[in-house]
Amino acid sequence: MEASALMGPGFWTEDRPVLMGFSGSVPEGIPGLVYFKTSGSTGEPKWIGLSREALLASATAVNAHLHVSRGSCWVLTLPLHHVGGFGVVARTYQAGCRMEHFADKWHAENFASWLADTGGTHLSLVPTQVHDLVAAGAKAPESLKAVVVGGGRLPEHVGQAARDLGWPVLASYGMTEACSQIATQDLELLGQPYVTRPINLLSCWDAATDADVRLMISGPALFSGTLRTHGGEWKYEERRGKWFTSSDLGKVEGRQLWIEGRADTFVKILGELVDPVAVENELLTIAAAAPGSAVVVAIPDKRAGFKLVLIHENLTPSSFWEEVIRRYHESCAGYRRIASIKGIASIPRSELGKPQRALLSRFAEQGSI
């Protein structure tokens, strides 16, 4: 589906089901929702069904938060079949503003030059794209008002370097089940040093945590149900209850979120809970390396329960990462130490540049890298 097909009122007032990015026949009898395929960060593939009303409720809240008006210009850089890209189109339609689509293959310098010509004011990027802009030394055009960074954590040193080049990066938190953004930092923070948290809840959401400190959300932009396929048969399951409990751990204070990590990525090493992603972030910060250029995974270990393995791309020699690990080990707790290091030609990633952690864990456990 092209973005232009979503810009008229016809799409938003009809009730036919649409499976974004799906080329087969739409299953009969399912609700008239817009479905997005997702596996979350580690789970099984499924389709999340979002109503058009929910998508527009999210768009309204995001536009209000970022001061988007009819004179603004949203810039689409993400795939349309991902809710992050689709959300840009929904916001454009809701605001009645202009949209520009960067459809070329991603190249940081080319994108910065193209953006300056379009007069774009708002866009969403993933951390890898921000890193590429910083590495290229690309300066942001004066027209740009906000860059929402989603799809992963942007290291603070990269975020600050981006701001120094004029890119108004704002940390965000979201998920497909929420039509994209749940929380985004305020524009007023752009004059301060870049930090990754706290992140401000959008006006359309309420948030809380359960007894296991898993984040719960409730609001008009919440998904309607889930569609799964097995053995060629489709099954739709409606969401139940007012609240949705996510797999993310965190805390809520007033209208602010602190995201700590995913419950399903934590492991116990020597009896202590460890988040491999948090360890990875510390190593990337020490290395001043790009997000996703090295990944820390946990694999089973007979003695310790699990052990941590760092996997890096062969483009950077192992000796570089060995020195990074040595510096990290000087101050980390024993149960958070890296047990081994592996090189790989290229880290497998999703379309949005997220490392495929489950696949890398399997590679490391099987000894195939």
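Start by selecting helix α9 and the parts around it: the buried residues of α9 pack against α7, β19 (294-301), β20 (305-313) and β21 (338-344). Here contact means heavy atoms within 4.5 Å. Helices (H or I, at least four residues) and strands (E, at least two) are DSSP runs, numbered from the N terminus.

A quick word on what you have open: this is a predicted model, where local features need pLDDT of at least 70, side-chain atom pairs count only at pLDDT 80 or more, and totals for chains, interfaces and linings use all residues. Residues are numbered from 1 along each chain as its sequence is written, and side-chain values use heavy atoms, with hydrogens and water left out.

**Stop 1: α9**

Now show the side chains of R357, L360, S361 and A364, which are buried in helix α9 (residues 357-366). Buried means under 20% relative accessible area, exposed over 50%, and partly exposed in between (1.4 Å probe, protein chains only). Look down the axis of α9: its buried residues fall within an arc of 105°, so they line one face of the helix. That arc is taken from the directions from the helix axis to the C-beta atoms. An α-helix has 3.6 residues a turn, so residues three or four places apart point the same way. Step along to G367, which follows α9 and has a positive phi, near 70°.

**Stop 2: α7 and α8**

Next, select α7 (residues 276-287) with α8 (residues 318-329): they pack at an angle of about 110°, with axes 10 Å apart. That makes α7 roughly perpendicular to α8. (Angles under 35 degrees count as roughly parallel, over 145 as roughly antiparallel, 65 to 115 as roughly perpendicular and the rest as oblique.) To see the contact, pick V279, E282, L283, L284, I286 and A287 in α7, which meet F320, W321, V324, I325, R327 and Y328 in α8.

**Stop 3: α5 and α6**

Move to helix α5 (residues 127-135) and helix α6 (residues 156-164), which pack at about 55° with their axes 9 Å apart. α5 and α6 are therefore oblique to each other. Highlight V130, H131 and V134 of α5, plus V158, A161 and A162 of α6, and you have the residues that make this contact.

**Last stop: D164**

Stay on α6 and click D164, which sits in that helix. Is D164 buried or exposed? D164 is exposed, with a relative accessible area of 60%. Finally, select V89, 75 residues from D164 along the chain: their C-alpha atoms are separated by 29 Å.

Note on methods: Axes are lines fitted to C-alpha atoms, for helices over the stretch in contact, and angles run from 0 to 180 degrees between N-to-C directions.
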